[in-house]
Amino acid sequence: MEIMAEHEMIFSNEILLKNLMTEHGTELKRIAYLYVKDYSLAEDIIQEVFISCYHHLNTFRQDSSYKTWLIRITVNKSKDTLRKWSFRNLIPKNDMEPTLFEIDTPETNAVNLAEKKDLICNVMKLPIKLREVIILFYYKELSVQEMCEVLQLSESTIKTRLFRARGKLKSSLERSGFHG
């Protein structure tokens, strides 16, 4: 009896994991990429995220959504990767490939490509603490409260970082002649 219940739980966890991978995999990979600026490294991080997710599915407390939980794991794994000595010292920092964010729709075709690339590059030049709040707030459209959960910071810290990030981004964009 116990063995059958264990097999059913494993089977249901596998189905849940597959659904989470399908539903959130692409956006989590983009988040990881925005941290590490390397596509293959972002894929490795996402594999670690889903392995960790699978091992901890039974301990998920439902305090937040699976999406928020997975974003928090992705952010933490990305930060861990950035902290590693080998990453900082051995992996060359390539210029960002803006083509990852270009989706062929009528809206994006109407945007001036040069300004879009300039905006992305300026965001990526921000220090990680400021970059992450811009990415989560504008790109992932998380509320300040959701960002508090993901980053495990206070609301005032999030708001201060957003204010500073906007200021730095605005001045760097003005210097580069951005008009968007």
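A residue is called buried when its relative accessible area is under 20%, exposed when that area is over 50%, and partly exposed in between, using a 1.4 Å probe and protein chains only. The model is predicted, so local features need pLDDT of at least 70 and side-chain atom pairs count only at pLDDT 80 or more, while totals for chains, interfaces and linings use all residues. Residues are numbered from 1 along each chain as its sequence is written, and side-chain values use heavy atoms, with hydrogens and water left out.

**Overall architecture**

- The chain has nine helices and zero strands, where helices (H or I, at least four residues) and strands (E, at least two) are DSSP runs numbered from the N terminus.
- Along the sequence, the elements follow the pattern α-α-α-α-α-α-α-α-α.
- Among contacts between residues at least 6 apart in sequence, 67% join residues at least 24 apart; contact here means heavy atoms within 4.5 Å.

**The largest nonpolar core**

- A nonpolar core is a set of buried Ala, Val, Leu, Ile, Met, Phe, Trp, Tyr and Cys residues joined through side-chain atoms within 4.5 Å.
- The largest such core holds 39 residues, of which Leu-70, Ile-71, Leu-151 and Ile-158 touch the most other members.
- At least two residues of this core come from each of α1 (2–36), α2, α3, α7 (128–139), α8 (144–151) and α9 (155–175).
- Helix α1 provides the largest share of this core, with eight residues.
- In soluble globular proteins, nonpolar side chains tend to be buried together.

- Ile-71 is found in helix α3 and is buried, its relative accessible area being 1%.
- Apart from neighbours within four places in sequence, Ile-71 is in contact with Leu-28, Ile-31, Leu-136, Leu-142 and Val-150.
- Ile-71 and Lys-140 are 69 residues apart in sequence, and their C-alpha atoms are 9.8 Å apart in space.

**Packing of α2 and α3**

- Helix α2 (residues 39–56) packs with helix α3 (residues 66–83) at an angle of about 130°, and their axes are 9 Å apart.
- Axes are lines fitted to C-alpha atoms, for helices over the stretch in contact, and angles run from 0 to 180 degrees between N-to-C directions.
- Helices α2 and α3 are therefore oblique to each other, given that angles under 35 degrees count as roughly parallel, over 145 as roughly antiparallel, 65 to 115 as roughly perpendicular and the rest as oblique.
- In this contact, residues of α2 including Leu-41, Val-49, Phe-50 and Cys-53 meet residues of α3 including Trp-69, Leu-70, Ile-73 and Lys-77.
- The residues of the contact of α2 with α3 divide into nine nonpolar, five polar and two charged; Ala, Val, Leu, Ile, Met, Phe, Trp, Tyr, Cys and Pro count as nonpolar, Asp, Glu, Lys and Arg as charged, and the others, Gly among them, as polar.
- Ile-73, found in α3, is buried with a relative accessible area of 12%.
- Leaving aside neighbours within four places in sequence, Ile-73 is in contact with Val-49 and Ser-52.
- Ile-73 and Cys-53 lie 20 residues apart in sequence and 8.2 Å apart in space, C-alpha to C-alpha.

**Packing of α8 and α9**

- The axes of α8 and α9 come within 9 Å and cross at roughly 105°.
- That angle makes α8 roughly perpendicular to α9.
- Val-144, Gln-145, Met-147, Cys-148 and Leu-151 in α8 meet Glu-155, Ile-158, Lys-159 and Leu-162 in α9.
- The residues of this contact of α8 with α9 comprise six nonpolar, one polar and two charged.
- The buried residues of α8 are Val-144, Met-147, Cys-148, Val-150 and Leu-151.
- Beyond its neighbours within four places in sequence, Ile-158 is in contact with Val-133, Val-144, Met-147, Cys-148, Leu-151 and Leu-153.

**Loop residues with positive phi**

- Lys-37 lies in the loop between α1 and α2, and its phi is near 60°, a positive value in a residue other than glycine.
- Lys-37 counts as partly exposed, at 27% relative accessibility.
- Gln-152 lies in the loop between α8 and α9; although it is not a glycine, it has a positive phi of about 55°.
- Gln-152 is exposed, with a relative accessible area of 56%.
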